[in-house]
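Visitor: I would like to go through this model term by term. Please set each label against its cut-off.

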Amino acid sequence: MQVFVTGGSGFVGGHLIEALVRHGHQVAALVRSEASAQVVAAYGATPVMGSLDTVRADMLGQAQAVIHAAAVTDEWGTRAHFWQGNVVGTGNILAAAREAGVARFVHVGTEAAFFTGTDLIHLDEMQPYPDRHRYLYAETKAEAERRVLAANTAAFATVSIRPRFVWGPRDATVLPAILRMAAQGRFSWIAQGAARTSTTHVANVVHALELALTHGKAGQAYFVADEGERSIRSFLSALALTQGTDLGQRNTPTWVARWAAAAVEGVYRAFKLQGVPPMTRFAIDMMSSNVTVNTARATAELGYAPVITVEEGMSHLVLA
C-alpha cells in the first residue's frame with residue numbers, strides 16, 4: 001500500500017514509518033525542513049517538502065491512505081498556536097486527502113481530548129466530548145478528531161486511534177523531562193503517585209495504526225493501550241530506573257501541586273514571560289488523576305492486542 005504520513009520525524013511517526021516500510025508499504029512523509037527530510041529518509045520514507053499549512057492534493061501522489069500523526073503537543077502556548085496546528089492543520093490534510101482520492105484516513109487521537117482535570121476510569125468510546133475544556137491541547141485535539149470522524153463517507157473512510165500515555169524508545173518528552181527534573185532535584189510525586197493509569201508502548205500504537213489501514217469501522221474511534229493498568233508511581237519509577245535514576249520519596253499533596261501550577265501559569269500570563277512554565281496545570285492535573293481506558297472495541301473491531309508487554313518494553317530501554 002502507498003501510505004502518506006504526517007509527523008514522520010516525530011516519536012510515533014518515526015516508529016510508524018519504520019514499521020510500514022518493514023511490512024512492505026511504500027511511504028512518503030510530509031516534512032518542513034531539510035533536517036526532518038533526512039530523518040524520515042533514514043527511517044525509509046520519501047520526504048515531501050511542505051507543511052500542514054501548505055499541503056496540497058498533488059503532494060500526496062498516488063497515496064491510498066494517509067496516517068496523520070502530526071500535532072501540536074506542547075504543554076504551553078497560545079490558542080492560535082494550538083488551533084492552527086491541530087484543527088486547521090488537520091482540516092488541511094483532510095481536504096488534500098479527499099481531493100487526492102485517498103481511500104482511508106487514519107488519525108492519531110488521544111484520550112486527552114476527554115480530560116477536564118478529573119478522573120477518567122475505564123474510558124470507552126461511548127464517552128461524549130466535554131462541553132467545556134480546560135486545556136488548549138485537549139480542546140484542539142478533540143475538535144480535530146470531531147472533524148476527522150465527521151469527514152467519513154463511503155468513498156473516504158476515516159478512523160481515529162486513541163493511545164493513552166505513549167512511551168518507548170526515542171521518546172523525547174516524558175522520560176527526558178522526568179530525568180531532567182530528578183537531576184535538578186525538582187521531581188516530586190503527587191499524592192504518592194497513587195493515581196492509576198493506562199499506558200501505550202509506541203510499538204503498540206504503531207500496531208494499532210497499521211491495523212486501522214485495513215480494519216475497523218469507518219467513522220469510528222478506538223482506544224488502545226498496553227495490557228493492564230498500573231500506578232503512576234510504579235510506572236514512572238520503572239521507567240526512570242531503566243536509565244539508572246531513582247525518583248526518590250519526595251511528595252506533594254494534590255491540592256498544593258494544582259494550586260502551584262495555576263499560580264505559576266497566572267504569573268507567566270500576567271507578565272507575558274517567555275518560555276514554558278516549570279509546571280503547568282495540564283501536566284500536574286494529568287499526574288494526579290486516574291486515567292484508564294477500555295480497549296474492548298479495538299480488540300473486537302480492529303483485532304488489536306498489544307505486541308509488546310510493559311516488562312519487555314522496559315527491558316529494551318535498559319539495553320538502549
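Visitor: What makes β2 and β3 a pair, and in which sense do they run?

Guide: Two strands pair if DSSP finds at least two bridges between them. β2 (residues 26–31) and β3 have four bridges, in the parallel sense. So they meet the definition of a pair. V31 stands opposite M49 in β3. Helices (H or I, at least four residues) and strands (E, at least two) are DSSP runs, numbered from the N terminus.

Visitor: What should I know about the model itself?

Guide: It is a predicted model: local features need pLDDT of at least 70, side-chain atom pairs count only at pLDDT 80 or more, and totals for chains, interfaces and linings use all residues. Residues are numbered from 1 along each chain as its sequence is written, and side-chain values use heavy atoms, with hydrogens and water left out.

Visitor: What is the strand order of the open sheet?

Guide: Seven strands, in the order β3-β2-β1-β4-β5-β7-β12, with parallel pairing.

Visitor: Why are β3 and β12 said to stand at the edges?

Guide: β3 (46–49) and β12 (220–224) each have a single partner strand, so one side of each lacks a neighbour in the sheet. From one strand to the next, the twist averages 20 degrees.

Visitor: Which strands does α4 touch, and at what angle to β7 does it run?

Guide: Helix α4 (residues 136–150) packs on the sheet and touches β5 (104–108), β7 (157–163) and β12. Its direction makes about 150 degrees with that of β7. Axes are lines fitted to C-alpha atoms, for helices over the stretch in contact, and angles run from 0 to 180 degrees between N-to-C directions. α6 lies across β4, β5, β7 and β12, at about 165 degrees to β7.

Visitor: Why is S288 called buried?

Guide: Buried means under 20% relative accessible area, exposed over 50%, partly exposed in between (1.4 Å probe, protein chains only). S288 has 16%, so it is buried. This residue lies in the loop between α9 (281–287) and β15 (291–293).

Visitor: What makes the link between S288 and R258 a polar contact?

Guide: A polar contact is a pair of N or O atoms within 3.5 Å; within protein, one must be able to donate a hydrogen and the other to accept it, and residues adjacent in sequence count only if both atoms are side-chain atoms. The side chains of S288 and R258 are joined at 3.0 Å. That is inside the limit.

Visitor: How do you know that S188 is buried?

Guide: S188 has 17% relative accessibility, so it counts as buried. S188 sits in the loop between α5 (174–183) and β9 (189–190). Its side chain makes a polar contact of 2.8 Å with that of T252.

Visitor: What puts the buried residues of α7 on the same side?

Guide: In α7 (residues 232–241), I232, R233, F235, L236, L239 and A240 are buried. They cover an arc of only 165 degrees around the axis, which puts them on the same side of α7. The arc is that of the directions from the helix axis to the C-beta atoms.

Visitor: Which residues touch the most other members of the largest nonpolar core?

Guide: I17, L20, I67, I161 and L209, out of 36 residues. A nonpolar core is a set of buried Ala, Val, Leu, Ile, Met, Phe, Trp, Tyr and Cys residues joined through side-chain atoms within 4.5 Å. Helix α6 (residues 202–212) gives the largest share, seven residues.

Conventions. Contact = heavy atoms within 4.5 Å.
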